[in-house]
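Hi,

Here is the structure I promised to pass on.

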Amino acid sequence: MTAPGLRDGAPVEDSDDLDVEEALALVREAKDDGTGPARDPRPAEPHRHAPAERHRATPWLQAREIAARAARATRAPRPAATSSAPRRTPVPVPLGDALGLVLAAPLDALSDLPSFDTSAMDGWAVAGPGPWTVREEGVLAGHAQPAPLTDGEAVRIATGARVPADTTAVLRTEHGRTDAQGRLHATRDMVHGQDIRPRGQECRSGDQLLPVGTQITPAVLGLAAAAGYDTVTVVPRPRAEVLVLGDELLTEGLPREGLIRDALGPMLPPWLRALGAEVVAVRRIRDDAKALHKAITASTADLVVTTGGTAAGPHDHVHPTLERIGAELLVDGVKVRPGHPMLLARTRDDQHLVGLPGNPLAAVSGLITLAEPLLRTLAARPAPEPYTLPLTEPVHGHPYDTRLVPVVLRGDRAVPLHYNGPAMLRGIAAADALAVVPPGGARQGAETELLDLPWTTAGIGVCFT
């Protein structure tokens with residue numbers, strides 16, 4: 001047996017050894033299907049991870065597809081013409097609260113834009129050929145319609161102000177001069193309509209500006225405001241509740257006496273918000289089956305996220321609780337490292353539960369694998385376009401499972417990070433993305449799929465993934 005931390009005689013920091021939680025999950029699954037090492041139909045495999053091939057875990061990509069389909073399954077049948085509209089009841093929200101959400105109704109123009117002829121520049125509104133006599137009182141933005149101009153007349157005008165009737169053009173400030181008699185002359189040739197934004201140039205009342213399914217960006221908010229909207233109708237943000245399980249977790253101070261600091265309680269809520277969820281509660285639950293049952297059955301969230309307790313240890317109550325409440329287990333283990341013993345269940349017609357492993361990086365893997373596609377679909381957001389970059393160095397792979405490895409992006413290449421064991425956060429804390437390493441690993445220079453972390457593309461607390 002190879003010494004810990006060594007493989008083929010070389011030190012490594014990205015060990016994919018089974019942790020206790022993953023080993024217990026394999027034991028549970030072997031018991032569930034009645035198989036064991038003596039009944040394994042495959043030829044003997046010398047690698048220590050050979051038992052992983054016997055379990056019934058779902059391939060990584062398939063698990064993500066199941067999570068997305070599970071969210072779609074909560075929607076009611078609807079006419080083909082409105083197939084993009086979610087069953088979840090659309091809600092009106094103020095513009096200030098709509099960033100990152102998705103339009104559930106078209107954004108139609110409420111009036112012409114602009115709603116009147118306006119000046120595109122500071123200068124003079126002029127009528128007919130010059131030179132022009134200049135009115136004493138100018139025209140400012142936000143004022144009522146000025147008196148019409150007559151040929152040979154000009155008036156000072158500000159950008160955005162109403163253009164007087166019978167205006168020929170706007171002469172920019174830098175393109176005009178006044179003579180000793182105070183008459184205005186053009187220093188450049190003008191054309192009819194120059195620097196005037198005519199009414200309805202951008203749209204006419206009733207025009208569709210943006211369709212259903214458009215994600216609301218800062219520019220969309222600006223357009224909605226310009227079009228006269230105070231609120232927009234959106235797909236509501238999915239509501240998530242986090243249940244942090246475990247007797248061994250401290251909320252402050254240094255680890256001591258067998259107790260460890262809870263890393264998931266501080267990390268999961270903002271991560272879920274970055275994935276587009278509204279986190280309605282974070283509850284700490286001791287290793288108590290009754291308390292877990294009460295917390296799950298009392299939750300009104302669209303998504304319940306639990307941490308730890310997904311394996312087969314004496315204090316792992318997630319599976320027994322799901323069985324007790326009659327939940328439908330959609331994914332029970334995923335062929336991914338870290339994070340193998342994650343799960344997805346439908347607890348009610350309109351509620352799902354994602355069970356994350358208790359190790360921090362394994363929990364991140366569960367968020368990316370199961371929670372992200374589920375929340376994205378509930379929020380009616382499009383899936384991000386996949387992309388690849390070459391790796392700057394080879395990455396060791398698991399024999400049968402996908403690996404998610406933190407990377408930083410340097411130009412057009414991805415640099416794998418160490419400290420990527422199931423219990424480690426040092427690598428992911430410095431990462432820009434996760435590399436999807438296929439079974440068997442990836443060589444140096446191999447084009448590898450990358451999953452952006454939500455804040456690398458949208459900023460903390462906002463999700464455009």
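Helices (H or I, at least four residues) and strands (E, at least two) are DSSP runs, numbered from the N terminus.

Also, this is a predicted model, where local features need pLDDT of at least 70 and side-chain atom pairs count only at pLDDT 80 or more, while totals for chains, interfaces and linings use all residues. Residues are numbered from 1 along each chain as its sequence is written, and side-chain values use heavy atoms, with hydrogens and water left out.

The overall picture: the protein chain has nine helices and 30 strands. Of its 465 residues, 48% are buried.

Now helix α5, residues 289–298. Its buried residues are Leu 292, His 293, Ala 295 and Ile 296. Seen down the axis of α5, these fall within an arc of 165 degrees (taken from the directions from the helix axis to the C-beta atoms), so they line one face of the helix. The face turned away from that buried side carries the exposed residues Lys 290, Lys 294 and Ala 298. What do the buried residues of α5 pack against? The partners are β17 (239–245), β20 (278–285), α6 (318–324), β24 (343–348) and β25 (351–356), with contact meaning heavy atoms within 4.5 Å. At the N-terminal end, Asp 288 caps α5, with a side-chain oxygen 3.1 Å from the backbone nitrogen of Lys 290.

Strand β17 holds Glu 241. Is Glu 241 buried or exposed? It is buried, with a relative accessible area of 4%. The side chains of Glu 241 and Arg 283 are joined by a polar contact of 2.4 Å (a pair of N or O atoms within 3.5 Å; within protein, one must be able to donate a hydrogen and the other to accept it, and residues adjacent in sequence count only if both atoms are side-chain atoms).

Last, the cores. A nonpolar core is a set of buried Ala, Val, Leu, Ile, Met, Phe, Trp, Tyr and Cys residues joined through side-chain atoms within 4.5 Å. The largest has 46 residues, and Trp 271, Leu 272 and Leu 344 have the most contacts inside it. Helix α7 (residues 360–378) gives the largest share of this core, ten residues. Another core, of 18 residues, lies apart from it and includes Leu 107 and Tyr 229.

Cheers

Methods
Buried means under 20% relative accessible area, exposed over 50%, partly exposed in between (1.4 Å probe, protein chains only).
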